[in-house]
Amino acid sequence: MTDVRAALLQQIKDKAVVHGKVTLSSGLEADYYVDLRRITLDGEAAPLVGQVLLDLTADLEFDAVGGLTMGADPVAASMLHAAAARGRKLDAFVVRKAAKAHGLQRRVEGPDIEGRRVLVVEDTSTTGGSPLTAVEAVREAGAEVVAVATIVDRATGAAEKIEQGAGVPYRYAYDKDELGLD
Ligand SMILES: O=P(O)(O)OC[C@H]1O[C@H](OP(=O)(O)OP(=O)(O)O)[C@H](O)[C@@H]1O
Ligand SMILES: O=C(O)c1cc(=O)[nH]c(=O)[nH]1
């Protein structure tokens, strides 16, 4: 494990894992929550996120990254900045939960992604419903999705839903075993 990957793992364990009954985005009940916003918006941890996800997807070709607001937003921004620090230009985009009713009425905000190869990202995945929504919106905007990548996978069906439902590879930086969760 690289130093950066190990450092981010420790940050997640220290700052994001919350034990106790919780209702998830999908309506499912769970015994723990991984509040990745406490990582992706943390001054020490957030810069590591971009580096770890760039390393995780280093073999893939894409030049824009984003996902369903708001969990995905700081993930994409961290990757953009980490890429810039490595001398690589990487754009970010935000998929709105619904298209804006005023202004340009866009569903996908940021530089145009039509005709481009993009990576859809997430902070954590349970059912995979959020990245699947993002994949559909991004395809509607004319982009090609090369993969979905998330920081933490909860091993509750996201991989199957994304690989079979969207037909794209699914990658994650950490699983629940590595986080000591069960
Ligand atoms: O794999 P899924 O079943 O889709 O669940 C995971 C999603 O749930 C959380 O977001 P939430 O829906 O709470 O909304 P937020 O990003 O607006 O905080 C999280 O950030 C993921 O986006
Ligand atoms: O499924 C979810 O809503 C969810 C699970 C989790 O561990 N963390 C999170 O932010 N959302």
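Reply: Strands β1 (residues 17-23) and β2 (residues 29-34) run antiparallel and are joined by five bridges. Strands pair here if DSSP finds at least two bridges between them. Helices (H or I, at least four residues) and strands (E, at least two) are DSSP runs, numbered from the N terminus.

This is a predicted model: local features need pLDDT of at least 70, side-chain atom pairs count only at pLDDT 80 or more, and totals for chains, interfaces and linings use all residues. Residues are numbered from 1 along each chain as its sequence is written, while chains are lettered from A and ligands numbered from 1 in the order in which they are written.

Stay with the hairpin for a moment. Five residues separate β1 and β2, and Gly 27 has a positive phi near 95° there. Val 18 stands opposite Tyr 33 of β2. Tyr 33 also touches Val 22, apart from residues up to four places away in sequence. Contact means C-beta atoms, placed from the backbone, within 7 Å.

Now the sheet. It is open and has six strands, in the order β5-β4-β3-β6-β7-β8, with mixed pairing. Its edge strands are β5 (108-109) and β8 (170-175), each pairing on one side only. Helix α4 (residues 73-85) packs on this sheet and touches β3, β4 (91-95), β6 and β7. The direction of α4 makes about 175° with that of β4. Angles run from 0 to 180 degrees between N-to-C directions, with axes fitted to C-alpha atoms, for helices over the stretch in contact. Strand β3 (residues 64-68) pairs with β6 in the parallel sense over three bridges. Within that pairing, Gly 66 has Val 120 of β6 as its bridge partner. Helix α5 lies across β3, β4, β5, β6 and β7, at about 160° to β6.

Next, the site itself. An unreviewed UniProt entry places the feature "binding site" at Thr 126 and Arg 154. They are spread over 29 residues of sequence, yet the largest C-alpha distance is 5.5 Å. UniProt positions use the numbering given here, feature names are shortened, and annotations may be inferred rather than shown by experiment.

Thr 126 sits in the loop between β6 (117-125) and α5 (129-140). Arg 154 sits in the loop between β7 (144-153) and α6 (158-166). Thr 126 counts as buried because 22 other C-beta atoms lie within 10 Å. Arg 154 is buried too, with 23 other C-beta atoms within 10 Å. Buried means 20 or more such atoms within 10 Å, exposed means 12 or fewer, and partly exposed is in between, with C-beta atoms placed from the backbone.

Leave aside neighbours within four places in sequence. Thr 126 then contacts Leu 24, Ser 25, Ser 26, Leu 28, Arg 154, Thr 156 and Ala 158. Arg 154 contacts Thr 124, Ser 125, Thr 126 and Lys 176.

Last, the ligand. Around ligand 1 there are 15 residues, and the closest are Ser 25, Gly 71, Thr 126, Thr 127 and Ser 130. Such a residue has its C-beta atom, placed from the backbone, within 6 Å of the molecule. The elements giving two or more residues to this shell are β6 and α5. β6 gives the most, with four residues. The shell divides into three nonpolar, 10 polar and two charged residues. Ala, Val, Leu, Ile, Met, Phe, Trp, Tyr, Cys and Pro count as nonpolar, Asp, Glu, Lys and Arg as charged, and the others, Gly among them, as polar.

Conventions: Contact = placed C-beta atoms within 7 Å.
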